[in-house]
Amino acid sequence: MGQSLGATLQSLAGLNIPAEQLQSIQQDYLRQAGELWNQALQQPDAVKVSDKRFASPEWSQSPGSAFMASMYLLNARTLQRLADNLTGDDKARQRVRFAVQQWADAASPANFLAFNPEALSKAVSTKGESLTQGLSHLLNDIRQGHMSQTDESVFEVGVNVATTQGSVVYENPYFQLIEYKPLTAQVHEVPFLFVPPCINKYYILDLQPDNSLVRYLLSQGHRVFMVSWVNADDSLAKATWDDYVEHGVTRAIDVTREVTGADQINALGFCVGGTLLATALATLATQGRKPVRSLTLLTAFLDFVNTGTMDVFVDEAMVRMREMTMGADSPMGGGLLRGNELAATFSFLRANDLVWNYVIGNYLKGELPPAFDLLYWNSDSTNLPGPMYTWYLRNTYLENKLCKPGAVDVCGVPLDMRRLDMPTFIYGSREDHIVPWDSAYASSQVVSGPKTFVLGASGHIAGVINPPEKKKRSHWVSSARTLPATAQAWMETATEQPGSWWPVWAGWLAEQAGKMVPAPKQPGSRQHPVIEAAPGRYVKRKA
């Protein structure tokens, strides 16, 4: 760890800006600052700010505020140019760029009451009531341990989110298995299993009836099962990646087959759930078992070749520190990664939208954020077992071993993703900042069976949760008979189509799901009777 820290500091110290580029940036800054100053003196009403953070009329109506915002934007652009023109170690440059962006976002005058004319105007017009409400919201967020990104009082799991009717038919310390009530008189003979990310709760796939992927699949005549991961507590503090593969994914596959009597099922893994699912299936294949007929991967890594912004956080020193504090090598042999820490990390990847926007609205202006189901889910954080999390960090983000045949053992056998020879549908989101779409596409070069790739618009969540009825966004498909080696080469063959990618996937899945048979009249089976109604207890456990 000491060597890694030393190397990091050395790489940062080795960064520099070529003299000619530094001079050019300095000259541009002085010229633009002079022009802005002269305009502010001669035509103060003409100073305009082209940034959505300063879009309210109060900014343009106050020449002083408009000038301050314009100078801030010039300073922020200049700092980013300096960071972009650094030469030296690529990872060190990436870290400096990220740090500069974080500082620039935090330093916006809109984030400070004294400099925000909109917040000050509201304080005057409400006779201070907005400031009183803002303080109340701040104290409430401190008590609950996270910043409110939506009006959380509007939503309740099982009441107006996660409402698709179903039953819990199995549970163990790691997950509950939900079987959903069919919506059609006949269902495909091959049942379907969702494996969501254990880093979040499953109901992103079942928010509300009009944007539920679960309900959509039921309407297409599938018999649907869902893994609902437990929100880890101290009883799972020593759980490992192997535990989640063996007692989680593999057990869910087996129970789904036992309940339905099917030899094979179709399965989908979303984000980390896709990585876990692919790991489990490759491990089972090594053991001579192939219980899954087709595989769907939604914004999931198998090859961690490009991890985007997340790469700035991961190096040997960081991973080793985590292993020593909460991993298997820690004094207690394990610990928990708290959900609010993960949630804060992901929020700061898009700080203006997911942090400072709410500082301004919640605290400076005393407003409650609007009710939004997706952001309610985003705030419903989950804990992770330390040993499982640190194994994942080291073998994926740091060393990228999962896609290398035999580079790592899982459940006692060498992992070889080339054994994934079933038909595979791979989805990526074009603006995904968590799983960059070229990395989602890279899975097509890891699996060996027939594969289809579809690219959706928008980001990691909004791109996935895009019901056809909304007629929003678009997607890209290719008619090429084989997938090329790179995402860029695939894009050259692709065409953009309006609307959701869901119907494309539904058509593909129908081909893997077999003939239609009468829908079951009762959930579960004699071996696995109903335990409780969906959504079950596990998803309601708070971090």
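How many cavities of 30 Å³ or more does the structure hold? The structure holds 2. This is a predicted model, in which local features need pLDDT of at least 70 and side-chain atom pairs count only at pLDDT 80 or more, while totals for chains, interfaces and linings use all residues. Residues are numbered from 1 along each chain as its sequence is written, and side-chain values use heavy atoms, with hydrogens and water left out.

**View A. The largest cavity.** A cavity is a set of points, on a 1 Å grid over the protein atoms alone, where a 1.4 Å probe fits but cannot get out; lining residues have an atom within 4 Å of a point. The volume, the space filled by probe spheres set on the points, is about 50 Å³ for the largest cavity. Its lining includes Leu 281, Arg 289 and Asp 421.

**View B. The second largest cavity.** The volume here is about 30 Å³. Among the lining residues are Cys 198, Trp 229 and Thr 382.

View C. Most residues other than glycine have a negative phi. Ala 162 has a phi near 55 degrees, and Lys 471 has one of about 55 degrees. Ala 162 is buried, at 3% relative accessible area, whereas Lys 471 is exposed, at 74%. Buried means under 20% relative accessible area and exposed over 50%, with a 1.4 Å probe and protein chains only.

**View D. A cis peptide bond.** Most peptide bonds are trans. The bond joining Ala 534 and Pro 535 is cis, with omega about 15 degrees.

Conventions
1 Å grid on protein atoms, 1.4 Å probe; cavity = no way out; pocket = protein on both sides within 12 Å on 5 of 7 lines; lining within 4 Å.
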